[in-house]
Amino acid sequence: MTLIKTSVLSAISTIVRVIAGFISVKIVSVYIGPSGLAMLGQFQNFIAMISSFSSAGVGSGVVKYTAEYYSDEEQKSKVWSNALKLSFMFLTPVILFIILFAKNISLYLLDTEKYSSIFIIFAVTLIFFIINILLTSILNGQKEIKKLTIINILGSLVTLAATLYLVISYQLYGVLLAGIVTQSIILIITLIFVVKSSWFRISMFFRAMDKKMSSDLLHYSLMALVSAIGLPLTLIYLRTYISNNIGWNEAGYWQAIWKISEIYLMLITTTLSIYYLPKLSSIADRKELKKEIFYVYKIVMPIVVFMALAIFLAKDFIISLLFSESFKPMAELFLFQLLGDVVKIASWILGFVFVAKKMTKLFVFSEIFFKITFIGLSLLFIDVYGLKGITIAFFFNYILYFGFVYFSLKGYLNEK
């Protein structure tokens, strides 16, 4: 499947997800305000971090090796069964930990123990998150993009409906609960499409552990886990810092601009993960690899620049449309956040080579180092510029990251 075809399918899914996402943000911002939105961000980051860790971070590895062994059922069975077993090895202690320390987690993340029951519910249903991650990764590797598109669309609609009902009925508690209960429904949708696939047989998931395959998957697990845990931890820490030193409302303004970035960049990031990673993984020739990277740059970067510029020019209208009057102070955050988004995507197009070519040490170092520099720059600039400083830090941190990725890959891509 070409980049253009994948982009069209991704666009259909993304349009629905963008609309659903913006409607959810609007309702949530009206009912629970900036401080509630900040707390929601804390919980969503926690879900993302724990889900990735509990799955052993095997998603990227499953995509790569499923695509690589597309016609080899024996090898695919090894990949899937080992991925499932590795996930369950990580899952069990995580469930016990969350249940035992639910009150402490709630107090740290949300500044109160009264939401501890939400974390217990999340722990009990965590298995649904894990199975869904594995199955959607398989669909990605199998290049069943249409099925993934439909699943994403239905998932977005289910999440929207649940969020609307629960936030109106139970305010913050309801919107936190919505992020959990919808996963069970989404898994059912995924299972319907997977079971109907010609390649699906339950026996494919129950082979004995294979040391080599487990080792190969864990190479990708390390990269995926560092990325999947590093960013949520960073966001949780910075949001907590802002709430403690400036206020929960200010943390909500930053969460709002971060959410805008997440939603409008969905088209790009979805396309990169669905098309770009498997494509890079399948290319052995360095010249072809370089050609593919330039091809993606030519298509993707003009789109990103255009979207960022359009959002900046319409920022006042966007705040009124998506949020409420109480979010007006976030207008000052747009400029450097959007500039950072542009540099971020430019960096990621190159950075995906680290993952596709198993450059584990470079990837892990860059993920850890540039999360630390983001925190350091944020604390420095917040002290000087106030809340706007965190977006300035975001922009400059990605400039540094782009330089690192470029010079790290320059020699590799020019080798014959």
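**Labels and their criteria**

Mentor: Leu 96, Phe 97, Leu 100 and Phe 101 make a nonpolar surface patch of about 430 Å². The model is a predicted one, in which local features need pLDDT of at least 70 and side-chain atom pairs count only at pLDDT 80 or more, whereas totals for chains, interfaces and linings use all residues. Residues are numbered from 1 along each chain as its sequence is written, and side-chain values use heavy atoms, with hydrogens and water left out.

Trainee: Why does Phe 101 count as partly exposed, and where is its place?
Mentor: Buried means under 20% relative accessible area and exposed means over 50%, with partly exposed in between (1.4 Å probe, protein chains only), so Phe 101 at 37% is partly exposed. Its place is in the loop between α3 (73-100) and α4 (102-110), where helices (H or I, at least four residues) and strands (E, at least two) are DSSP runs numbered from the N terminus.

Trainee: How do you know that the phi of Asp 111 deserves a remark?
Mentor: Most residues other than glycine have a negative phi. Asp 111 is not a glycine, yet has a positive phi of about 65 degrees; the residue lies in the loop between α4 and α5 (116-124). With a relative accessible area of 52%, Asp 111 is over the 50% limit and is therefore exposed.

Trainee: What is the phi of Gln 171, and in which helix does Gln 171 lie?
Mentor: Gln 171 also is not a glycine and has a positive phi, of about 55 degrees, but Gln 171 lies in helix α7 (residues 145-195).

Trainee: Why is helix α2 (residues 59-68) called mostly covered?
Mentor: In helix α2, 8 of the 10 residues are buried, including Gly 59, Val 62, Lys 64 and Tyr 65. Lys 64 has a relative accessibility of 9%, which is under 20%, and so counts as buried.

Trainee: What makes the contact between Glu 68 and Lys 64 a salt bridge?
Mentor: A salt bridge is a side-chain nitrogen of Lys or Arg within 4 Å of a carboxyl oxygen of Asp or Glu, and the N to O distance between Glu 68 and Lys 64 is 2.9 Å, so the pair meets the criterion. Because Glu 68 and Lys 64 are 4 residues apart in helix α2, about one helical turn separates them. Glu 68, at 43%, is partly exposed.

Trainee: How many salt bridges does the structure hold?
Mentor: The structure holds 9 salt bridges. Among them is the one between Lys 259 and Glu 262, whose closest N and O atoms are 3.2 Å apart; these two residues are 3 apart in helix α9 (residues 248-264), about one helical turn. Lys 259, at 16%, is buried, whereas Glu 262, at 37%, is partly exposed.

Trainee: Why are Lys 371 and Glu 367 both called buried?
Mentor: Lys 371 has a relative accessible area of 16% and Glu 367 one of 10%, and both values are under 20%, so both residues are buried. Their side chains meet in a salt bridge at 2.9 Å, N to O, and both lie in helix α14, 4 residues apart.

Trainee: How do you know whether α14 runs roughly parallel or antiparallel to α15?
Mentor: Helix α14 (residues 360-385) and helix α15 (residues 388-414) pack at an angle of about 150 degrees, with their axes 8 Å apart. Axes are lines fitted to C-alpha atoms, for helices over the stretch in contact, and angles run from 0 to 180 degrees between N-to-C directions. Angles under 35 degrees count as roughly parallel, over 145 as roughly antiparallel, 65 to 115 as roughly perpendicular and the rest as oblique, so α14 is roughly antiparallel to α15.

Key. Patch = residues over 30% accessible without salt bridge, like charges linked within 9 Å, V, L, I, M, F, W, Y side chains within 5 Å. Areas by Shrake-Rupley, 256 points an atom, 1.4 Å probe, with all protein chains shown as cover.
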